[in-house]
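User: I'd like to learn how to read a few features in a model like this one. Can you walk me through them, general idea before the case?

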Amino acid sequence: MSEVLTIPPTLPLALTLTEAAQALRDGSVTSVGLTEAAVAAAERADGVLGVYLTRFVEQARAAARRADEELARGIDRGPLHGIPFAVKDTIAVADGPTTAQSLVHDRGWWAGRDAPVVARLRAAGAVITGKTTAMEFGCGLPEEDKPFPFPLPRNPWRTESWAGGSSSGSASGVVAGMFLAGLGSDTGGSIRMPAAFCGVSGLMPTYGRVPVAGCVPLAYSLDRVGPLARSARDCAAVLGVIAGEHDGVGASFGDAGCGEGLDGLRIGVVREHHLPADGDPSLPGAFDETVSVLAGLGAVPVEIRLPYWQEMITTTFVTAAGEGLAHHRTALSRHWDDYGVAARGLLATGALISGADYVQAQRVRTVAQRAVDALFADVDVIVCPTVSVGAPPFAALADEAGHQDHAGVFGKIYTPYWNPLANPVLAVPMGRTATGLPLSMQIAGPVAGEAAILRVGDAFQQHTDWHRRIPDLPAAAAPHARAAMGRGEHHTHVPLQTRRPAHKCGAADTEDTENTENTEENTRLTRPDGRGGQRTSGPNGGTATQPDVAVRVRSLLAAAGLPAGEREITGFEAAYIAQRPAVDGLFDVPAAGDARPVLRPDVTVRPDDEEPA
């Protein structure tokens, strides 16, 4: 039997950030005590859970001592002062390299410097404990047999299951007591999905509210940075620190309204698309009970439908694929084999997207934003399930042929709808699956409406305890082979000198790479819905046969200089066949004919070698 992690009675795992902040001020705990408990939790469980890529133990201890000294002298930097806090390893932290969990990413990128959001955490007195695991470049699914030297993020509720991605470690580490809050990023659900699977709260702020400088980009016009913590009130405390203008980007955040009632608040309730027949049998009842709790607190439920549902899912795919490939194309063409199968499979899909596809997606995006804005004339917030299942076991992340099953997994996750829109969305736990895994609710608000969604999340959590539930965490006598951590050093399971040199994505690279056929398992963006010989919409109308598709896919990959092997090309053909009708459907949105796509004014393209201002 595995040993069960025991928690010191003075610091239960379910302690929230805001409760810890109050305890620091009434003298019942110290920052050193909080930090040592967090270090002990990591020592005991991180070898199994794979939360950290890098731990800054001694730096954290020094920061905790400073926090205690300052608080003792009456210097109070706010609610994060003395709080153990971790950062996703796509966000620059001065104490160690940013790897983006990839062999390709340049370790010198923002080296020795903090991203603005991290600098703000430090200025607020937060104790940075380390950098947490993610998916490579924030996309794809985990690869259990991936030969790269990175930990595999496991779910604290069931270690044979995924923690969700891509802000995996920032979610699982909160549940495991390794820190009280973490930073994540969200391009298609990368804050809200792991929050849902791990049973914590996660906030995707209004687009542009929090600066993303110093965060490795996946899709420039989708990427956002936000907090993961136990409670909505914790997320509000973090947002108040990290929000604000930086180099012309960002907007401050004031009072969240936590603690206020819900009397008369109109809550739009979304069921369509979110309660599928193949979802967990506990989901409908859990969601109904959640709506009942909100109604009992004075809210007024209103059944609504989300406009342009499929179009927004497709827009997220088109935008992320196009912008992702723009950033990675040179590195992918030169160093294909240094990318993981999942990351390169998703990024290279951008070669199958035309310029017209991308522009039309942005036009539809404008139309959908107007339609969603109109919804908020009738409701104050919108609630819907975050996912329809609990955290999937790693074995379920592949289809019967052994290929990564993106459609089977992401088809049960309802976060991508909101990413092309500017609206803020909060995910909070709301129940358990039939097998005891967390379920989650999304709370969406109008643009710049974080106060409303945090108010609803806080009210719900004041009358439920789902966010306080803690798992029995297995402890490892020795670190997991994929998760051994140093103290302030990057995880180096494979000696650095044996790897290929790191490269700057999106920058010119003169190194020659042999263009060899890759025989790794192919990656499917989505499951094909037909068999050999089926016909699909062509890019200029009409239809194309599968042989035509094969020719087109090969030519598009070749034109982009992407050296995919035969098995991967088969996967790209399947993705093209499956996605092309939905992409072509974007051209059938009548209202988009008069819409002009506008590049979001707070988007700044960041070269790989950009230095902070």
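Analyst: Let's start with handedness: a crossing is left-handed if the near helix is turned anticlockwise from the far one by less than a right angle, and right-handed if clockwise. Helices (H or I, at least four residues) and strands (E, at least two) are DSSP runs, numbered from the N terminus. Here, helix 9 passes helix 11 in a left-handed crossing. Bear in mind that this is a predicted model, where local features need pLDDT of at least 70 and side-chain atom pairs count only at pLDDT 80 or more, while totals for chains, interfaces and linings use all residues. Residues are numbered from 1 along each chain as its sequence is written, and side-chain values use heavy atoms, with hydrogens and water left out.

User: Which residues in helix 9 and helix 11 meet?

Analyst: Contact means heavy atoms within 4.5 Å. From helix 9, Glu311, Met312, Thr315, Val318, Thr319 and Glu323 meet Asp357, Tyr358, Ala361, Gln362, Val364, Arg365 and Ala368 of helix 11. By class (Ala, Val, Leu, Ile, Met, Phe, Trp, Tyr, Cys and Pro nonpolar; Asp, Glu, Lys and Arg charged; the others, Gly among them, polar), the residues of this contact split into six nonpolar, three polar and four charged.

User: What is phi of phenylalanine 137?

Analyst: Phi of phenylalanine 137 is near 55°, a positive value in a residue other than glycine. Look for phenylalanine 137 in the loop between strand 4 (127-132) and strand 5 (154-155).
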